[in-house]
Amino acid sequence: MKRKNTRLMKEYLYRKSLEGKERLLYENKRKIREALQEGKPIPTELRNEEAELRQEIDLEDENTAVPRTHIDDEYAKAAERDPKILITTSRNPSAPLVQFAKELKLVFPNAQQMNRGGQVISEIIETCRAHDFTDVVLVHENRGVPDGLFIIHLPFGPTAFFELRNVVTRHDIKDKKAMGTMPQVYPHVILDNFTTKLGERTANILKHLFPVPKPDTKRIITFANQSDYISFRHHTYEKHGGPKSIVLVEIGPRFEMRLFKIKLGTLDQTEAQDEWVFKPYMNTAKKQKFIGI
């Protein structure tokens, strides 16, 4: 298994190294295609390659015209099987963090919770790769308050780092009857205001944690972005008097997330590049929105 993972990693890194060449080739084809459509002369720097490039253009279809990236490879097999998620915590977790991890296990379908114990993160990720897990969700705390959420996509990343704020678990809510029970059906996922390129990337990471639901499912999970703070809400709904009288029932937990970093690799790969990092000076850019409008 270790040899297989090493071989797959080398193949992934090789495909990633070819992206620059493929992008340059795509731009040259685009220039020739535009020149032919507009009746303009072929650019001087491309005249020696014109015949070869025009032949490649004639052979392209909608699937090969645009070059693929490592982002496509990360979730290439996501539609073939449902996600399988492992949820764990930082070492020596407090009781509130353990309770929060238990509730996350109910939020994500097909999730399993594991007590961290003395295991290092590299051992956990290697075990998950061997048992065909698609993601690892790691929750972190500060003085008994959950403050961090890491989403590690397997086998080769990406890893998204989120800051958590205002965490309210089902355990913290006193009125259990008004809260409702936790259903186990696959939920509909609502992703609101993820309009930028980084927002689309973040939404792609979040949506692949959930399998495809049935159309009549009455369970809803919402990730709503406002000013780069992502509000997580979990509801069920009922139609007591027809389609115009929908009653929403929040079943928890609820929290706010803020994207801190996206890493092109898993958490144990210290050599992996950072795709995007939130820097301290970005706090002064009040009007700038990174995830949505």
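This is a predicted model: local features need pLDDT of at least 70, side-chain atom pairs count only at pLDDT 80 or more; totals for chains, interfaces and linings use all residues.
**Entry 1: helix H5**

I began with helix H5, residues 95-107, and checked its length against its residue count. At 1.5 Å a residue its 13 residues should span 18 Å, and I find the end C-alpha atoms 19 Å apart, which agrees. I then listed the buried residues of H5, which are Leu97, Phe100, Ala101, Glu103, Leu104 and Val107. Because they cover an arc of only 165 degrees around the axis, I place them on the same side of H5.

**Entry 2: helix H8**

Next I looked up how far helix H8, residues 197-207, is covered, and noted that 8 of its 11 residues are buried, so that I describe the helix as mostly covered. The buried residues are Leu198, Gly199, Arg201, Thr202, Ala203, Asn204, Ile205 and Leu206.

**Entry 3: salt bridges**

I searched the whole structure for salt bridges and the search returned 10. I kept in mind that side chains of opposite charge can pair when their charged atoms come close.

The pair I opened with was Glu50 and Arg54, whose side chains meet in a salt bridge at 3.2 Å, N to O. Both residues lie in helix H3, residues 50-59, and they are 4 residues apart, about one turn of the helix. I also checked the accessibility of Arg54, which counts as partly exposed at 35% relative accessibility.

I then turned to Arg129, which forms a salt bridge with Glu126, the closest N and O atoms being 3.3 Å apart. These two residues are 3 residues apart in helix H6, residues 121-130, and are therefore separated by about one helical turn. Is Arg129 buried or exposed? With a relative accessible area of 12%, Arg129 is buried, whereas Glu126, with a relative accessible area of 31%, is partly exposed.

For Arg165 I noted a salt bridge with Glu163, in which the closest N and O atoms are 3.0 Å apart. Arg165 counts as partly exposed at 35% relative accessibility, and Glu163 is partly exposed as well, with a relative accessible area of 30%.

**Entry 4: the hairpin of S8 and S9**

I asked how strand S8, residues 229-239, is joined to strand S9, residues 246-250, and found 5 bridges between the two strands, which run antiparallel. Lys239 stands opposite Ile246 in S9. The hairpin has 6 residues between the strands, and in it I noted that Gly242 takes a positive phi near 105 degrees.

**Entry 5: nonpolar cores**

Which residues have the most contacts inside the largest nonpolar core? They are Phe108, Phe162, Phe223 and Met257, in a core of 37 residues. H5, the helix of my opening entry, gives the most to this core, with 5 residues. Apart from this core lies another, of 12 residues, among them Ile121, Ile124, Ile125 and Phe161.

Conventions
Residues are numbered from 1 along each chain as its sequence is written. Side-chain values use heavy atoms; hydrogens and water are left out. Buried means under 20% relative accessible area, exposed over 50%, partly exposed in between (1.4 Å probe, protein chains only). The expected span of a helix is 1.5 Å times one less than its number of residues. The arc is that of the directions from the helix axis to the C-beta atoms. A salt bridge is a side-chain nitrogen of Lys or Arg within 4 Å of a carboxyl oxygen of Asp or Glu. Two strands pair if DSSP finds at least two bridges between them. A nonpolar core is a set of buried Ala, Val, Leu, Ile, Met, Phe, Trp, Tyr and Cys residues joined through side-chain atoms within 4.5 Å.
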